[in-house]
Amino acid sequence: MYYTPADPAIARTIKKLPTAKTSFPLDVQRLETMDSPIVAQLFRQLFRHPACQSRRNLATLSSCLQHGRRIQHQHQQQRRHMASRHTRGAKQGLPEKESHWQQRTELFALDMTDEYKSYPTVTANDLRSRRERPRKVKMLMRDFIEDSLYNPHYGYFSKQVVIFSPGEPFDFNALPDEPAFHAELGRRYTEFEDALDAKEGRVDETRQLWHTPTELFRPYYGEAVARYLMSNYVMSTYPYHDLIIYEMGAGRGTLMLNVLDYIRDIEPAVYDRTKYKIIEISPSLAALQNSQLLATAASRGHAAKVEIINKSIFDWDARVPSPCFFLAMEVFDNFAHDVLRYDLDTEEPLQGTVLIDGHGDFYEFYEPALDPVAARYLRVRHAATGGKYRVPYPTSRAARWLRGQLPLAPNLSDAEYVPTRLMQFFDVLEKHFPAHRLVTSDFHTLPDAVRGLNSPVVQTRYQRRTVPVSTPLVHQGYFDILFPTDFRVTEAVYRAITGKLTRVVGHEAFMRSWAYVEDTRTRSGENPLLSWYRNASVMVTV
């Protein structure tokens, strides 16, 4: 059994590629970099209170950070003393000023072995009914991420997320160029958030606000998806079957409305055969989708076509034998992953477990005994790809031996995050939707990811700024955790599980095929629909 400590760090926020969940403005905005323990201590103390109190406490974060900068040098001196290894007996006698936080490194860390042996193992399902974040437990990394993002009482998507709506669609043809679109988007972002503050009667400094391409390029993005769906439906199953569309992770429901509007206007005969079903795990987003559906007379006309199902796709138990399309746009990135490290001598994988102590601090342990889900994923990946996939260590035994001769060389590889939840999603499609055709779009690369292979971006928003951190072990519910998708491996695993054929293309190529790109072209000839989201790919069942 191996143990590594969790050491969160607030990093500089840098300009990044647009992503579906990148907080705006995207201009370069920097938070002064400080030592991880100082910032971790501040966040821990602020988040230690109930949710209503923590929002008030977070309003003082700026002054706390100012104070942290003044005492940074003092903490650097203290850190040399605090880096020594502490036994359980030593932990009980920590001075009061050191009892809230502890600098942890790979070399010198608190010994939590006894706690690891005694704490019970829980899963994300076990925690669904809990209203308080767990303590004195351990769980697999995928359960920790699932709980952080989707717990009904404190999860990120259940309680924190607000999806940006730009209001009226952008008139791209009237904009001079792409920077003008960027500036107009920034103005609308500010207006949107100012209006929310005015409605709530206070400034919400921790609002988790993000946007999607469906919202930014409304209705053109949705119309492109509608053309793809309608064309493939007419060429395959029309008129023998209805056009049945399932959408997972529908956000505000904008894609639903754009798709239905387009089909109703262009092909009324197909619209008569259309049924649209949204599967939404978040009660708040399901309510928002219902309100969007009833917002205008035009959208209310779709009410008889739409069903909103408020449940997790992983709880699905009904078989759908009819041919259908299954939309999963920007969904894969928030599926929980397991974390693995490899023994550099034997290449044996070890699976990561998260321990949460009585203070709410996190620790990672690695054991060579893989749980059945992770073990199956490795077998399926190896068989589906013929053993051709990336690993987080040198494949040459000689190179690993040379690296091992360096002073203080680690005996484990860097972390690899494997999409075990995505594999289970494919299982659901194969078992319950045997005649489905998948349409999915997601990011094949992400900037500012934490260290490791296929590692996530972990970020929160404070005072309308994006704050990235260096670990997924963060206060549950206040941070987005999103992963890139290796579409070469994902495509192979999907084919192996479902037996279906697929095609993967870039976002730009898909839009050039199915969007009327002249609608989103600026006067300079630049086209944000094509140039934004270049770090995204589209995978479809053929």
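**Backbone exceptions in a predicted model**

Modeller: Start with Arg 464, which sits in the loop between β14 and β15. The model is a predicted one.

Colleague: What is the phi of Arg 464?

Modeller: Most residues other than glycine have a negative phi. Arg 464 is not a glycine, yet its phi is positive. The value is near 65°.

Colleague: Is Arg 464 buried or exposed, or in between?

Modeller: Buried means under 20% relative accessible area, and exposed means over 50%. Arg 464 has 25% relative accessibility, so it counts as partly exposed.

Colleague: Where is Gln 463, and what is its phi?

Modeller: Gln 463 lies in the loop between β14 (457-462) and β15 (465-469). Gln 463 is not a glycine, but its phi is positive, at about 50°.

Colleague: What is the relative accessible area of Gln 463?

Modeller: The limits are the ones used above: under 20% for buried and over 50% for exposed. Gln 463 falls in between and is partly exposed, because its relative accessible area is 32%.

Colleague: What is the omega of the bond from Tyr 238 to Pro 239?

Modeller: Pro 239 belongs to the loop between α11 and β5 (243-248). The bond from Tyr 238 is cis, with omega near 5°.

Key: Residues are numbered from 1 along each chain as its sequence is written. This is a predicted model: local features need pLDDT of at least 70, side-chain atom pairs count only at pLDDT 80 or more; totals for chains, interfaces and linings use all residues. Side-chain values use heavy atoms; hydrogens and water are left out. Helices (H or I, at least four residues) and strands (E, at least two) are DSSP runs, numbered from the N terminus. Buried means under 20% relative accessible area, exposed over 50%, partly exposed in between (1.4 Å probe, protein chains only).
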